[in-house]
Amino acid sequence: MDNEQNKVAVVTGASRGIGRACAMALAEAGTNVVLASRGMDALKQVADEIRSHANGAVEALPLELDVSSEESIKTAFQKANEHFGKIDILVNNAGITRDGLMMRMKRQDWDAVINTNLNAAFLCIQQVLSGMVRRRYGRIINIVSVVAQMGNPGQANYAASKAGIIGLTHAIAQEVASRNITCNAIAPGYIETAMTEAISPEAREKLASRIPMGRLGQPTDIAPLVRFLASDEAAYITGQVINVNGGMYM
Ligand SMILES: NC(=O)c1ccc[n+]([C@@H]2O[C@H](COP(=O)([O-])OP(=O)(O)OC[C@H]3O[C@@H](n4cnc5c(N)ncnc54)[C@H](OP(=O)(O)O)[C@@H]3O)[C@@H](O)[C@H]2O)c1
């Protein structure tokens, strides 16, 4: 995968779970990675792991980023740009849930999820887009969810935030396709990470029985698709929502 050498990717929420797996996969392809989230200790560990796997072939830069703060987003992207001089690939992966039935959902839980998931995707894309347009190259990959398409009781805020990102993906794909920039979304089903660890064993079994593949997914089920969409080989794929859900939603 020589083509991916010298490229620079920013992965938000790279400290664990899906983001960590995506950053590792991009680095394996020879891409330099900016690992961004709030947890610097975890990010440094991921960076060390990448460096030891890559044997010096790629750079991994841990950067503090709170995507719920516009100021933090601006500072982090400025630092990434200062360090690498460009950003070729953006993976909008950082995300949260604050579940609750609609009738009882607190305004602050609605706002937190819309802000961290949807508003952050908008703001992070704005940080990279002008450079991508100037260089006539870019890959934007937004991690959404099967819940954006199916809905889920107790997740009105989360479903709305992820469905919003799908709309954002379609609009941006059309705006910048002529500049050789692609914008796609990946919609994972249920993936075993910190986000889903609170699901009880009984509920997990019930869930698995609704998934044709008979199991929940792993972060490594998502990461290869991120690597592919970020590559030159995916140059003609844009505006798509690609499901990785074990057949749970077709
Ligand atoms: N797991 C699933 O079943 C599933 C299914 C569909 C979609 N997804 C989506 O996949 C993405 C990754 O989720 P995951 O399952 O890997 O969850 P996770 O293990 O909880 O990881 C979430 C990541 O987001 C980061 N993050 C959260 N709030 C942040 C903030 N304010 N600023 C910066 N970073 C923040 C966390 O880092 P810090 O705590 O270090 O900040 C962490 O790295 C999310 O967008 C999620 O909605 C997950």
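**Figure 1. Contacts across the protein chain.** Of the contacts in the protein chain between residues at least 6 apart in sequence, 74% join residues at least 24 apart; two residues are in contact if their C-beta atoms, placed from the backbone, lie within 7 Å. The model is predicted: local features need pLDDT of at least 70, side-chain atom pairs count only at pLDDT 80 or more, and totals for chains, interfaces and linings use all residues. Residues are numbered from 1 along each chain as its sequence is written. The protein chain has 8 helices and 7 strands, which are DSSP runs numbered from the N terminus (helices H or I, at least four residues; strands E, at least two). Its C-alpha trace spans about 45 × 35 × 35 Å along the principal axes. Buried residues account for 44% of the 250 residues; a residue is buried if 20 or more other C-beta atoms lie within 10 Å of its own, exposed if 12 or fewer, and partly exposed in between, with C-beta atoms placed from the backbone.

**Figure 2. The largest nonpolar core.** This core has 72 residues, where a nonpolar core is a set of buried Ala, Val, Leu, Ile, Met, Phe, Trp, Tyr and Cys residues joined through C-beta atoms within 7 Å. Helix α4 (residues 107-135) supplies the largest share, 9 residues. The residues with the most contacts inside the core are Cys22, Ala23, Val33, Leu35 and Val226. Beyond its neighbours within four places in sequence, Val226 is in contact with Cys22, Ala25, Leu26, Val91, Ile141 and Ile186. In soluble globular proteins, nonpolar side chains tend to be buried together.

**Figure 3. The shell around the ligand.** The ligand is surrounded by 29 residues, the closest being Gly13, Gly17, Arg38, Gly39 and Gly95; a residue is near a molecule or strand if its C-beta atom, placed from the backbone, lies within 6 Å of it. Helix α1 (residues 17-28) gives the most to this shell, with 3 residues. By class, the shell holds 12 nonpolar, 14 polar and 3 charged residues. Ala, Val, Leu, Ile, Met, Phe, Trp, Tyr, Cys and Pro count as nonpolar, Asp, Glu, Lys and Arg as charged, and the others, Gly among them, as polar.

**Figure 4. Two asparagines with positive phi.** Most residues other than glycine have a negative phi. Asn55, in the loop between α2 (40-54) and β3 (60-64), has a positive phi of about 55 degrees. Asn55 is exposed, because 7 other C-beta atoms lie within 10 Å. Asn180 has a positive phi of about 65 degrees and lies in the loop between α6 (156-176) and β6 (181-188). Asn180 has 15 C-beta neighbours inside 10 Å, so it counts as partly exposed.
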